[in-house]
Amino acid sequence: MNKFPKDFFWGGSIAAHQCEGAWQEGGKGPGIMDYCTAGSYEVPRRFTKEHEEGTLYPTHEAIDFYHRYKEDIKLFAKMGFTALRISIDWSRIFPNGDDNQPNQEGLDYYKDVIQTLIEYNIEPIVTLFHFEMPIHLVRKYNSWLNRDLINFYLKYVKTVVREYKGLVKYWVTFNEMNHIDPQSEASDFFVYMLAGLTYDELPGDKRESLATIGYNMTLAGVKATKLIREIDKNNIVGCVFGIHPIYPRDCNPVNVMNAFKEMDRDYYQIDAMCNGKFPTYKMKEYEDFGIHLEINHEDAQAFAEGKIDFIGLNYYQTGVSKTGEGNENDEKLFGGVQNPYLKQSKWGWAIDPVGMRYLLNYTYRKYGLPIMITENGLGAVDEFIDGRINDDYRIDYLKQHLREMKKAILEDHIECIGYLMWGPIDLVSATNGEMKKRYGFIYVNKYDDGSGDLSRIPKDSFYWYQNIIQIQGEE
Ligand code: BGP
């Protein structure tokens, strides 16, 4: 018996701003991602407060999921998906964020998406914040630096969770808020994705600003968790973290320790959400930097009452510790220095299937909570040859990751409840803002110069995944 568990979720993950388009339709307000320029591996995308005509293509049109979701969901169903993780764009529900009334058209749109999924027996797993928020909340209130944001977020959460009561059971409060950390040099990219601000725009002491944003988002997360369960006790609430495990560069104990600390930095919010308390070690670390955050009685209670039910992990790569002895001249990559044992994707991401097993073990043994792989996939350049997209490299990547995940479940007894492949349909890359980097089982005829008729074409991996789901991953 070499199958995945019977009720295991098989599916994929997408995010509103990367696929919907229709940025000014259906009563939607301008969101932070509507102000990102297109970019590429060579030219990083920029974030602009003003509308720069012609440079903002990616999220404005994306792959037009807004109008084509029925066709796309039908294709997911054809592959046999039992779950799809979508996100709700906050700015479709409250166009400015501080509006008195929600936008009914936005609520109706997502209701129809959700109902379509249910018709095909696909469990909707709904993320409430995947780098999407009304830009007005940044301009008028200074984003998550202001505690008022927590109340605006909770109002939005209450509205949608009530609206979809009985339809949606699995909720995710935030996607990858862990990328804000005062200890690391946060890139413009993550500060913008999470708070709509560039690093330079952070006021005063940068570390203090980052700590405040991280704290306020975590607090919003635990408060939302409690609220979602109060609205319906059958709701199951999680939070998604993007973690790439960090390996030590060698067995020098100093380097091993450094690697551990670098990796563990990504866990303080998971600690807060699983242990019922904002971690004391984090507060003390802040104090070491001269940062004083106040946890009042009400906050402490919110942490105690807002523990999550499952952990979502986005896994793409591992890194090698950037710090440590003998590390001075190494090339710096996204995840640290280059690992000589691993190949990399065209975008420099280390391909490491065993790293996924390691991450599952590490996280499960810390908290004992069910884990869902909420993102994993390979960004690659796909080509049509003789009317067909042969993406064996993607099949190979996914196959190897599934094998390691299976070992984690069947041999290590980790409670992993689902595998949601990232970008089951080609969509706009979050980091680079380009279409060239494709993840999908389904090709979308859309290119970075704006051309393409948006038609959808199954790649070879489409049929491979269809079979894997059918045989429950048995090999
Ligand atoms: C994760 C994000 C996703 C997705 C993915 C791949 O961090 O949650 O939104 O984009 O990374 O990244 P990219 O699209 O840049 O290749």
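Student: Which residue in S3 does Leu84 stand opposite?
Tutor: Strands of a sheet pair through backbone hydrogen bonds, either parallel or antiparallel. In this predicted model, Leu84 stands opposite Pro124 in S3. The two strands concerned are S2, residues 83–87, and S3, residues 123–127, which pair in the parallel sense over 5 bridges.

Student: What sheet is formed by the strands in the order S1-S2-S3-S4-S5-S7-S9-S12?
Tutor: These 8 strands form a closed barrel with parallel pairing. On average, and with direction ignored, neighbouring strands of this sheet are turned by 25° against each other. The protein chain contains 16 helices and 14 strands in its secondary structure.

Student: How does the radius of gyration of the protein chain agree with that of a compact globule?
Tutor: A compact globule of 475 residues would have a radius of gyration near 23 Å; the protein chain has 21 Å, which agrees. Its C-alpha trace spans about 60 × 55 × 45 Å along the principal axes. Of the 475 residues, 50% count as buried. As for contacts with a separation of 6 or more, 75% are accounted for by residues 24 or more positions apart.

Student: Which residues touch the most other members in the largest nonpolar core?
Tutor: That core has 130 residues, and Val126, Trp171, Leu194, Leu360 and Ile371 touch the most other members. Helix H9, residues 206–231, contributes the largest share of this core, with 10 residues. Apart from it lies another core of 5 residues, including Ile246, Tyr247, Ala259 and Met263.

Student: Which residues does Leu360 touch, not counting residues up to four places away in sequence?
Tutor: With that exclusion, Leu360 touches Ile371, Met405, Ala408, Ile414 and Cys416. Ile371 is itself among the residues of the largest core that touch the most other members.

Student: Is Glu230 buried or exposed?
Tutor: Glu230 is found in helix H9. It counts as exposed because it has 12 C-beta neighbours inside 10 Å. The C-alpha atoms of Glu230 and Lys158 are separated by 10.0 Å, and these residues are 72 residues apart along the chain.

Student: Is Ser143 buried or exposed?
Tutor: Ser143 has 23 other C-beta atoms within 10 Å and is therefore buried. Its phi is near 55°, a positive value in a residue other than glycine. Ser143 is placed in the loop between helix H6 (135–141) and helix H7 (148–163).

Student: What pLDDT does the protein chain average, and over which residues is the pLDDT below 50?
Tutor: The average is 92, and 94% of the residues score at least 70. Over residues 329–335, however, the pLDDT is below 50; this stretch has 14 contacts in the model beyond near neighbours in sequence. Where pLDDT is low, the predicted coordinates should not be read in detail.

Student: What ipTM and pTM does the predictor give the complex?
Tutor: The predictor gives the complex an ipTM of 0.99 and a pTM of 0.96.

How values were computed:
Residues numbered from 1 in each chain as written. Predicted model: local features only at pLDDT ≥ 70, side-chain atom pairs only at ≥ 80, totals over all residues. Core = buried A, V, L, I, M, F, W, Y, C linked by C-beta atoms within 7 Å. Buried ≥ 20, exposed ≤ 12 C-beta atoms within 10 Å, placed from the backbone. Helix = DSSP H or I, 4+ residues; strand = E, 2+ residues; numbered from the N terminus. Contact = placed C-beta atoms within 7 Å. Pairing = 2+ DSSP bridges. Axes fitted to C-alpha atoms, helices over the stretch in contact; angles between N-to-C directions. Rg over C-alpha atoms; globule rule 2.2 N^0.38 Å. pLDDT = per-residue confidence, 0-100.
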